[in-house]
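Subject: Handover of a structure

Dear colleague,

Please find the structure below, together with its sequence.

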Amino acid sequence: MRLFAILLAATLAGVADAAAQPYPSHPITMVVPFAAGGPVDALARILSERMRQSLGQTVIVENVTGAAGTIGVGRVARAAADGYILSIGHWSTHVVNGAIYALQYDLLRDFDPVALLPSNPMIVVSKNAVPARNLGGLVAWIKANESKVSAGTAGAGSSTHIAGVYFQNLTGTHFQFVPYRGTGPALQDLVAGQIDLIVDQASNSLQQVRDGKIRPYAVTAKTRMPTAPDIPTAAEAGVPGLDISVWYGLWAPKGTPKEIITRLNQAAVEALADPVMRQRLADLGLEIPAREIQTPEALGAHQKAEIAKWWPIIKAAGIKGE
Ligand code: MLT
């Protein structure tokens with residue numbers, strides 16, 4: 001009995017100690033739900049490096065891949081709400097997946113929003129061996145080779161998959177989707193000529209486009225990208241309506257103390273204000289949201305609005321999970 005009392009006192013003292021420690025007292029993990037080398041991974045590594053300066057603690061990037069990001073996001077939903085684990089994701093992981101997967105977590109109820117992060121449009125890109133020189137030519141080439149054409153995606157429901165289906169619907173084309181654990185490896189296969197195309201996030205493809213290793217056809221935005229002004233918009237290239245913006249966000253498990261969310265938001269906001277960071281993000285084709293919408297509240301409101309907008313569209317399109 002006496003031993004039990006001593007152990008209990010020691011445990012309680014430990015808990016009190018942990019609670020008394022200033023946050024953050026040890027490294028924070030940022031879970032990337034796709035493969036290393038892809039666009040979520042790239043943003044997470046740039047952001048975490050700068051957030052470390054503000055937080056005074058390392059922010060470790062961990063890739064937990066599979067099922068279009070649902071495995072990694074699920075890991076964070078079930079984790080302790082102590083500010084030491086974060087979910088970085090985007091339009092497909094934190095909006096689209098709720099419409100096509102029977103998720104073991106709720107995208108709104110199981111997370112606390114931390115900060116709205118940059119967004120980027122997508123680019124239709126092909127391997128260089130494809131003979132087309134513009135979007136019209138690409139559509140004609142796909143139609144002539146339908147049974148053979150393949151497009152890389154990061155799995156059913158990923159942004160690359162949804163954008164590919166959208167492209168098919170608008171152009172009346174069909175091709176086969178090849179799922180990867182992220183668009184980092186999919187892009188490597190495109191450069192190597194193993195697959196024919198990707199409707200890819202600009203931040204993933206732009207460098208390979210600049211290096212002449214893949215061919216761009218159109219940007220899925222209303223205006224051209226300042227960082228790649230030679231690539232026409234989809235409407236200019238003959239496919240009006242192909243408008244998709246992949247926006248990013250940072251979330252913590254539901255119930256994370258308010259002061260910790262504020263601290264994390266502050267670190268993310270400082271990162272997005274840093275001129276070196278801003279240049280790195282702009283080079284990748286990422287657009288930084290205005291300061292007043294980098295808040296947890298703005299991310300929560302935007303995510304809700306996007307769920308209301310996209311779930312009916314995705315459900316009506318009959319897109320199924322893996
Ligand atoms: C990735 O990081 O691999 C991508 O975000 C996946 C996708 O957008 O399809």
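Which are the buried residues of helix 4? They are Trp91, Ser92, Thr93, His94, Val95, Val96, Asn97, Gly98, Ala99 and Ile100, where buried means under 20% relative accessible area, exposed over 50% and partly exposed in between (1.4 Å probe, protein chains only). Because 10 of the 10 residues of helix 4 are buried, this helix is largely enclosed by the rest of the structure.

Please note that this is a predicted model, in which local features need pLDDT of at least 70 and side-chain atom pairs count only at pLDDT 80 or more, while totals for chains, interfaces and linings use all residues. Residues are numbered from 1 along each chain as its sequence is written, and side-chain values use heavy atoms, with hydrogens and water left out.

Helices (H or I, at least four residues) and strands (E, at least two) are DSSP runs, numbered from the N terminus. The buried residues of helix 4 pack against helix 3 (70-77), strand 3 (85-90), helix 6 (159-171), strand 9 (245-253) and helix 11; contact here means heavy atoms within 4.5 Å.

The protein chain is assigned domain 1 (21-119 + 247-317) and domain 2 (121-219), with bounds from an automatic or database domain assignment. Their centres, taken over C-alpha atoms, are 26 Å apart. To the contact, domain 1 contributes 23 residues and domain 2 contributes 20 residues.

The two domains bury about 1500 Å² between them, 61% of it on carbon and sulfur atoms. Buried area is the accessible area (1.4 Å probe) that two parts lose on being put together, summed over both. Of the area that domain 1 buries against domain 2, Pro39, Trp91 and Leu284 supply 26%, more than any other three residues.

Eight residue pairs are in polar contact across this interface (both at pLDDT 80 or more). A polar contact is a pair of N or O atoms within 3.5 Å; within protein, one must be able to donate a hydrogen and the other to accept it, and residues adjacent in sequence count only if both atoms are side-chain atoms. On the side of domain 1 that touches domain 2, the elements giving two or more residues are helix 4 (91-100) and helix 11 (296-316). Helix 4 gives the most, with five residues.

Elsewhere, Gln57 lies in the loop between helix 2 (39-55) and strand 2 (59-63). Gln57 is buried, with a relative accessible area of 17%, and its side chain reaches the backbone oxygen of Ser25 at 3.3 Å.
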